[in-house]
Amino acid sequence: MLCPTKKLKGDFVIDSIDNSAGQPSWRRRHTVVLLCFFSILICYIDRVNISVAIIPMAKQFGWTDTQRGLVLSAFFVGYMVTQLLGGSLAARFGGKTVLGFGVVWWSLFTLLTPFSAMASFPVLIATRIAMGVGEGVAFPATYNLLGRWVPALERSRSAAFTLSGISMGTLFAVSITPWVVVGYGWPAIFYLFGAFGFIWFAFWWRLGGDRPAIPVDQDPVGEGATPPTSALMDGDNPETPWRLILTHRPVWAIIVAHFCNNWGLFVLLSWLPSYFSSQLGVNLGAVWLYVAPPWIANFLGANAAGWLADRLIARGNPVTRVRKLMQTIGFAGPAAALVVLASADDAVTAVLLLTIALGLAGGSFAGFASNHLDIAPKHAGVIFGISNTTASVPGIVGVALTGYLVDLTGSFASAFYVTAGVYLFGLAVYLLYGTGKRLI
């Protein structure tokens, strides 16, 4: 007999359905995860659209590649400073409020981008920084919600699905943006996409939630799992054990892996349209045909990795082994593809190699990116805030450095070599110190 989710008061809900017949059922946590996915999708639409829009913007305003790199990287200054704050606020006030505020904030500054660009270069930089402030709280708040809502045997696929909003948002942005730019001018994309966040907020405030009335860790799995604990309920906001978190090597393994993952992610997010347009001679209106396949592969690879990881864990494989397997796929595969890509000289070969690279990179979503929920489910948002603060640095350094290297060498090859090396370094550290054991 199916007993639907019942709302008790506020965000205090029963997320329990008698599913003894083995039939699939939609639960309240699935709604929360789905809405989190759409928040990440919108986050990346608004973040990535400028990587296409900057091509006509640079032509209109006479920017060099170095200036383009500054515009692209300015976002990450604001993004970096609110990561830890977002995790702490979500732990104290709940992910629903923090995530909702973040989406509204960054959507507002997305709408203001054209006015800022017309005003002056410094005003545009300030607007991009302010937009990053809003997006900075999104992932820590989301992980706070996943840590509260998602049972152990669903963590990999729930985290992977939520994070695959990155690839879908990127795909949507690079596919639609060129058409909007050609048909209506580059300012139109910021007006169009900025409105999406306000539409999402209307659904989120009605359907989102902070705290289920059952323990999310009632079915701990894997080596070193702790006994079941009480649910994260209203008023149950445990103090953050900062010293314990910051002195654990597995936490630092996540931090390093996150940094290295985002180096590759941000470089490719920000520069692929320019790579195909300026180095391989692809027409702006056709850029999306070349950029889209890699992000489709990333979406499929991430979700396949999430389901596979949960399946392996459910069959009794140690969580540590599964996380390291997924991370090996997620780092070694893209590194090899990027080394070959450095010598590619035609668009078709480049698309094939990038599709392989980003498809395999999806393994990371079931590797380090799910690991926060293994080692500290109640503090996953805070740990994600810490790791993503460090992982924001590549958005500033890596993106700007890529523009400098392209100016210096006239080619993207050196940037691809650097990114491959960063991936391999991150893999070595994670294999040495990563774990699936619950620590906190």
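Visitor: In this predicted model, which residue forms a salt bridge with Glu-154, and how far apart are the closest N and O atoms?

Guide: Side chains of opposite charge can pair when their charged atoms come close. Here the partner of Glu-154 is Arg-29, and the closest N and O atoms of the two are 2.7 Å apart. Glu-154 sits in the loop between α6 (138-149) and α7 (155-163), whereas Arg-29 belongs to helix α1 (residues 28-61), so the pair ties together parts that are 125 residues apart in sequence.

Visitor: Is Glu-154 buried or exposed, and what does Arg-29 count as?

Guide: Glu-154 has a relative accessible area of 14% and is therefore buried, since buried means under 20%. Arg-29, at 5% relative accessibility, counts as buried too.

Visitor: Which residue forms a salt bridge with Arg-47, and where in the chain do the two lie?

Guide: Arg-47 forms a salt bridge with Glu-135, with 3.1 Å between the closest N and O atoms. This pair links distant parts of the chain, Arg-47 being in helix α1 and Glu-135 in helix α5 (residues 121-135), 88 residues apart. Both Arg-47 and Glu-135 are buried.

Visitor: What does Arg-157 count as, by its relative accessibility, and which side chain does Arg-157 meet in a salt bridge?

Guide: The side chain of Arg-157 meets that of Asp-310 in a salt bridge, at 3.2 Å from N to O. Helix α7 holds Arg-157 and helix α12 (residues 287-314) holds Asp-310, so that distant parts of the chain, 153 residues apart, are linked by the pair. Arg-157 counts as partly exposed at 22% relative accessibility, while Asp-310, at 3%, counts as buried.

Visitor: How many salt bridges does the count come to?

Guide: The count comes to four salt bridges, among them the pair of Glu-154 and Arg-29.

Note on methods:
Residues are numbered from 1 along each chain as its sequence is written. This is a predicted model: local features need pLDDT of at least 70, side-chain atom pairs count only at pLDDT 80 or more; totals for chains, interfaces and linings use all residues. Side-chain values use heavy atoms; hydrogens and water are left out. Helices (H or I, at least four residues) and strands (E, at least two) are DSSP runs, numbered from the N terminus. Buried means under 20% relative accessible area, exposed over 50%, partly exposed in between (1.4 Å probe, protein chains only).
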